[in-house]
Amino acid sequence: AAESVVAARVIRARTVIAPEDLLLVDRELPGALTRPQDAEGMEARKTIYAGRPVHAEDLAPPAAIERNQSVVLAYSLGGLNIETEGRALDRAGVGSPSRIMP
């Protein structure tokens, strides 16, 4: 019998998912994750309601930069190093692009 991951309670958008937010049910739900550890530590892209299946497309790496956060822009080439401060125009996770206004 196949197993599927469902939300144990309402998981609000932008919430980092903890083990207690998930349940493994003994039925196959099309498109649902089959391992809770694939969702743990990820951020919900939208609200996932209690008892609803958790899909990979509902998840993203947690944001490392929030919109309007002050960030340091750094450029290095050979011996040239330039740093300046900018403001993030988007939320972004590690490895994800973000628009920055200097």
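These legends describe close-up views of a predicted model.

**View 1. A nonpolar patch lies on the surface.** Four residues form the patch: Tyr75, Leu77, Leu80 and Ile82. Together they have about 400 Å² of accessible area. Two strands, β6 (70-77) and β7 (80-88), each supply at least two of the patch residues. Tyr75 sits in strand β6. Its relative accessibility is 44%, so Tyr75 counts as partly exposed.

**View 2. Eleven residues make up the largest nonpolar core.** Among them are Val5, Ala7, Ile11, Leu33 and Val54. Ala7 has contacts well along the chain, leaving aside residues up to four places away in sequence. Its partners are Asp21, Ile48, Tyr49, Ala50, Gly51, Arg52 and Val54. Of these, Ile48 and Val54 also belong to the core.

**View 3. His55 is a buried loop residue.** The loop runs between β3 (43-44) and β4 (59-60). His55 has a relative accessible area of 18%; buried means under 20%, so His55 qualifies. Residues up to four places away in sequence aside, His55 touches Pro30, Gly31, Ala32 and Leu33. Leu33 is also one of the core residues.

**View 4. Arg14 and Asn68 have positive phi values.** Most residues other than glycine have a negative phi. Arg14 is not a glycine, yet its phi is about 70°. Arg14 lies in the loop between β1 (4-7) and β2 (22-25). With a relative accessible area of 55%, Arg14 is exposed. Asn68 has a phi near 75°. Asn68 belongs to the loop between β5 (63-65) and β6. At 41% relative accessibility, Asn68 is partly exposed.

Note on methods: Residues are numbered from 1 along each chain as its sequence is written. This is a predicted model: local features need pLDDT of at least 70, side-chain atom pairs count only at pLDDT 80 or more; totals for chains, interfaces and linings use all residues. Side-chain values use heavy atoms; hydrogens and water are left out. Patches are made of residues with over 30% relative accessible area and no salt bridge: like charges are joined within 9 Å, nonpolar side chains (Val, Leu, Ile, Met, Phe, Trp, Tyr) within 5 Å. Accessible areas come from the Shrake-Rupley method with a 1.4 Å probe; for residues, only the protein chains shown count as cover. A salt bridge is a side-chain nitrogen of Lys or Arg within 4 Å of a carboxyl oxygen of Asp or Glu. Helices (H or I, at least four residues) and strands (E, at least two) are DSSP runs, numbered from the N terminus. Buried means under 20% relative accessible area, exposed over 50%, partly exposed in between (1.4 Å probe, protein chains only). Contact means heavy atoms within 4.5 Å. A nonpolar core is a set of buried Ala, Val, Leu, Ile, Met, Phe, Trp, Tyr and Cys residues joined through side-chain atoms within 4.5 Å.
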